[in-house]
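Please examine the sequence and the three-dimensional structure shown below.

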Amino acid sequence: MKTLQDLAEIREKMRKEVALRTGEDAASKYDKQVLVCGGTGCTSSNSMKVIEKLEAELSANGLTDKIQVVKTGCFGLCALGPIMIVYPEGTFYSKVNVDEIPRIVKEHFIDGNPVKEFLYEETVTDNGIKPLQETAFYKKQLRLALRNCGVIDPENIDEYIGRQGYEALGKVLTTMKPEDVIQSILDSGLRGRGGGGFPTGMKWKLARNIVPNADMKYVCCNADEGDPGAFMDRSILEGDPHVVLEAMSIAGYAIGAKQGYIYVRAEYPIAVNRLRIAIDQARKAGMLGQNIFGTDFSFDIDLRLGAGAFVCGEETALMTSIEGNRGEPRPRPPFPAEKGLFQKPTILNNVETYANIPQIILNGADWFTSLGTEKSKGTKVFAVGGKINNTGLVEVPMGTTLREVVEEIGGGIPNGKKFKAAQTGGPSGGCIPAEHFDVKIDYDNLIAIGSMMGSGGLIVLDEDNCMVDIAKFFLQFTVDESCGKCTPCRIGTKRMYEILEKITNGNGTMEDLDKLEELCNYIKANSLCGLGQTAPNPVLSTLRYFRDEYIAHIVDKKCPAGVCKSLLHFEIDKDKCIGCGMCAKQCPASAIDRTDYTAEGHKLASMAIDTAKCVKCGACMSKCKFGAISKK
Amino acid sequence: MSKKIATIPFQGTPQQEQELLAVIASLKDQQGCLMPIMQKAQDIYGYLPIEVQTIIAEQLNIPLEKVFGVSTFYAQFTLSPKGKYRISVCLGTACYVKGSGRVLELLEEKLGIGVGEITPDGKFSLDDCRCVGACGLAPVFMINDDVYGRLTGKAEEIDEILAKYAD
């Protein structure tokens, strides 16, 4: 494939292949298409076996010509995996078990009656079966960056082309000047989705202009998603790898670069593999390499695997790592736009940022600015996890409220527990308490309430989570991941961690809180890179909204959520205890003994815990059938 | 982060060394080749003992301390061998708030080893890791490539899983 004409021909052919799934008006050669998620979440719950069985059953029934099985990227609802969607109707099977496949093939595919008992509960209504798109989880979402995830086969470039793939690159190379490309990204108001929210167009403009006549420039993609509990970028790479390649090529044309690097976490084997396949296919199709679309523009992309260092998500550290060194950040200026990778002008954007680019080019900056809030345009993908029913990947327009994300899309908190806070921005972000449940999510609003957008991790905490413990958890993370180059971060975070440990052990004083705050402000102001500058955020935000919990630990020597072990003790209610002795059998520390008190109506004397011997494992409590043991 | 360094003697074979030299020769001229070479070396040997790092340093004509600096910086590089069954418990945020700390404690108890250690028979090694990306199944741990998720933190559950690796 060398020309736009070739591309258009493939698109026309492929449009029919994907029509059933996209609802596009084109005759399909299949009666049905069965989409099975091949993302990390569903693969972990055995979706590959589901695909195998499905193919075997279809072939045994002679249906392979009429029904196509497609392995796609992530649908988003990871908690319900493995997920299987049947088009054209959009029937949604959740938690699919291999043993269920023969019945689905027979009753649904042959007889035409979906197997209701295997469907996602919410879709089965009195008025028939709801398609996937009308469930509460999907209804409020707007999928732009994720538009192809869970729709196409990520290992087939033709399917991507069938969804307008590489058309933006063609348009840019044949009809636009590099300056025009930069202008339209500037006009779109797109801001970096990796966390900082720097205007993408501005980055590109600097890299184009700051060093005139540079002999070499680089385009890098940050796919080193280190924020624990966040998997937006991984899902894009697994579900739609070509969009990143296309956008990087566009960026290369805009700034005048010939070479791109994708720095991806080695812990994402599926994403790495799909990227390799995609790069290979793009090279064969002439979408990467020399003289793309017959123009003067040449561009190629290589992969570099990270090796598990959170700090490498910072731009200068990432570049130092690609160069083959310890991934330590460099002082800025000089900024990467001037001296980046191998000392050459470089731009670095995050996966999700790139995923927006081709559509901005095709649909125009005005279309993009019509979405979102005044200063944050477009959409944002969140990985919603923790204490929430619908764990998974969610893409919403900027300006959606936290309440909508948690209660409507996320389906609320399990087991009737109460919402306590949402943590965004991972180790760099903060906790948003219930009082800000109605805040409209965008870059500036989140910063105003002491958190940050971050790359999109959103962890929901309920009443059983201790906020001091959460702050300690993140600090532990930062202490481990601090690269050690600058003192405020290396030593300061360690001291903060020690104070938090003191508090959770019940030895804290009120002066420690002042010391903690002072340290926070010092580290924020004096660290070299983003990691250190944001490391105190989890502590500052919990101090701001949950100071009473800190005080309970310090003054009352109590952990209100019952998490911090040193402050807990287990107690047996002597009147509820029937004296069965089950708890004593379970106790690994032989801390439980019989007393001489027998409650009214009971035959045996009750049991009691020797708190001095108790190791607080909770084994007794989980075994007691009478609810006589409690944690205080 | 400090790393545990193996005290057991190095048992590399000439065949492994040949493989490593071939890898080095093929990547040598690439800019920034050190990490890709070390990643391949770890695939070949299972870990990066000082002997292997020395070969890399000599072949690339760079100081050993540079190689050592990189191997100790990144969590993925290990200086001690891993067990036949590598257990890694996810301590990412989503798993942590759902009780993966308890799962790790139980595994430490059952196996009698701590994080970063290996059982004396070389069968199991135990590590914590940041996020395996299966947040929908939290809390999870992995044994080699098998993911065990939706854990409840009960001792019997861990026994059942470990029993599958009795051979």
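This is a predicted model: local features need pLDDT of at least 70, side-chain atom pairs count only at pLDDT 80 or more; totals for chains, interfaces and linings use all residues.

Which residue takes a positive phi in the hairpin of β3(A) and β4(A)? The residue is Gly90(A), whose phi is near 80°, and the hairpin has 3 residues between its strands. Residues are numbered from 1 along each chain as its sequence is written, while chains are lettered from A and ligands numbered from 1 in the order in which they are written.

The strands around this hairpin may be considered next. Helices (H or I, at least four residues) and strands (E, at least two) are DSSP runs, numbered from the N terminus, and two strands pair if DSSP finds at least two bridges between them. Strand β4(A), residues 91-93, pairs with β3(A) in the antiparallel sense over 3 bridges, and Tyr93(A) in β4(A) stands opposite Met84(A). β3(A) also pairs with β1(A), again in the antiparallel sense, over 4 bridges; here Gln33(A) stands opposite Tyr87(A). From β3(A), Met84(A) and Val86(A) point one way, Ile85(A) and Tyr87(A) point the other way, and all are buried. A residue is called buried if 20 or more other C-beta atoms lie within 10 Å of its own, exposed if 12 or fewer do, and partly exposed in between, with C-beta atoms placed from the backbone.

Helix α3 of chain A comprises the 14 residues 47-60. The expected span of a helix is 1.5 Å times one less than its number of residues; for α3(A) this gives 20 Å, which agrees with the 20 Å between its end C-alpha atoms. Its buried residues are Ser47(A), Val50(A), Ile51(A), Leu54(A) and Leu58(A). Seen down the helix axis, they fall within an arc of 100°, so they line one face of α3(A); the arc is that of the directions from the helix axis to the C-beta atoms. An α-helix has 3.6 residues a turn, so residues three or four places apart point the same way. On the other side of α3(A), Ser59(A) and Ala60(A) are exposed. The buried residues pack against β1, α2, β2, β3 and α4 of chain A. Just after the helix, Gly62(A) takes a positive phi of about 65°.

Chain B is divided into domain 1 (14-73) and domain 2 (85-163), with C-alpha centres 30 Å apart.

How many residues of chain B are in contact with chain A? There are 30, and they touch 38 residues of chain A; two residues are in contact if their C-beta atoms, placed from the backbone, lie within 7 Å. On the side of chain B that touches chain A, α2 (34-45), α4 (64-73) and α5 (93-97) of chain B each supply at least two residues. The largest share, 4 residues, comes from α5(B).

Notes:
Domain bounds come from an automatic or database domain assignment.
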